[in-house]
Amino acid sequence: MSASHAIVGQIPALRRYARALTGDVWAADDLVQDTLERACHKWSLWTPGTDLRAWLFTLMHNLHASQLRRAPAPAVDIDALEAEPAAMPTAADEPLDLQRCLLLLPDEQRAVLLLAALEDLSYAEIGRVLGVPIGTVMSRLSRARERLRQLMDGHPPERSGTGPTGRPALRRLK
């Protein structure tokens, strides 16, 4: 099998993971395109006989992390914010939505959960893709499953100083 056929065979899995990771069809398609471009440019770095799928997922994960770091934080006028935060939507306000709940997980937990559940990678493969030890994979997966279970049961996101994206929440300092 040629290299191009091997890569083409991985596109459905890359698209599936990218869509779950980004939560947006257009952003996912862009991420897959960027991953494939990076794979073509870095093809000499792939070692034949090793897991091509894991290598492509590693490229995608690193690209996604870089994009998140480079994304400018939205400008928020803190003085224009209401004194009290709005109430979280209740189960009656919003239908149960797995995609929405997945996007409320911190990025590192969501990545591990998606690679395990959606792509059926082993803990060792996930560790190689994300560049973390197996123990970290197991810990993140456990926390992700528990948090997803809470979200699916209708519990609001935690308010422990972080926003729904896992980034620090804004607070007024005097």
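Which residues make the nonpolar surface patch of about 260 Å²? They are Tyr123, Ile134 and Met138. A patch here takes residues with over 30% relative accessible area and no salt bridge, joining nonpolar side chains (Val, Leu, Ile, Met, Phe, Trp, Tyr) within 5 Å and like charges within 9 Å. A salt bridge, in turn, is a side-chain nitrogen of Lys or Arg within 4 Å of a carboxyl oxygen of Asp or Glu. Areas come from the Shrake-Rupley method with a 1.4 Å probe, and for residues only the protein chains shown count as cover.

Before going on, keep in mind that this is a predicted model, where local features need pLDDT of at least 70, side-chain atom pairs count only at pLDDT 80 or more, and totals for chains, interfaces and linings use all residues. Residues are numbered from 1 along each chain as its sequence is written, and side-chain values use heavy atoms, with hydrogens and water left out.

Met138 sits in helix H7, residues 134-152 (helices are DSSP runs of H or I with at least four residues, strands are E runs of at least two, numbered from the N terminus). With a relative accessible area of 42%, Met138 is partly exposed, that is, between buried (under 20%) and exposed (over 50%).

Now look at what H7 packs against. Helix H6, residues 123-130, meets H7 at an angle of about 100°, with the axes 9 Å apart; axes are lines fitted to C-alpha atoms over the stretch in contact, and angles run from 0 to 180 degrees between N-to-C directions. That makes H6 roughly perpendicular to H7, a label for 65 to 115 degrees (under 35 is roughly parallel, over 145 roughly antiparallel, the rest oblique). In this contact (heavy atoms within 4.5 Å), H6 brings Tyr123, Ala124, Ile126 and Gly127, while H7 brings Ile134, Val137, Met138, Leu141 and Arg145.

H7 has another partner in H5: their axes come within 8 Å and cross at roughly 95°, so these two are roughly perpendicular as well. Among the H5 residues making the contact are Val112 and Leu113, and the H7 side includes Val137 and Leu141.

Between H5 (107-117) and H6 runs a loop that holds Asp120. Most residues other than glycine have a negative phi. Asp120, though not a glycine, has a positive phi of about 55°. Asp120 is also exposed, at 65% relative accessible area.

Finally, go to Arg16 in helix H1, residues 3-22. Arg16 and Glu119 are 103 residues apart in sequence, yet their C-alpha atoms are 8.5 Å apart in space. Leaving aside residues up to four places away in sequence, Arg16 touches Leu118 and Glu119.

Key
Buried < 20%, exposed > 50% of the residue type's maximum accessible area, 1.4 Å probe, protein only.
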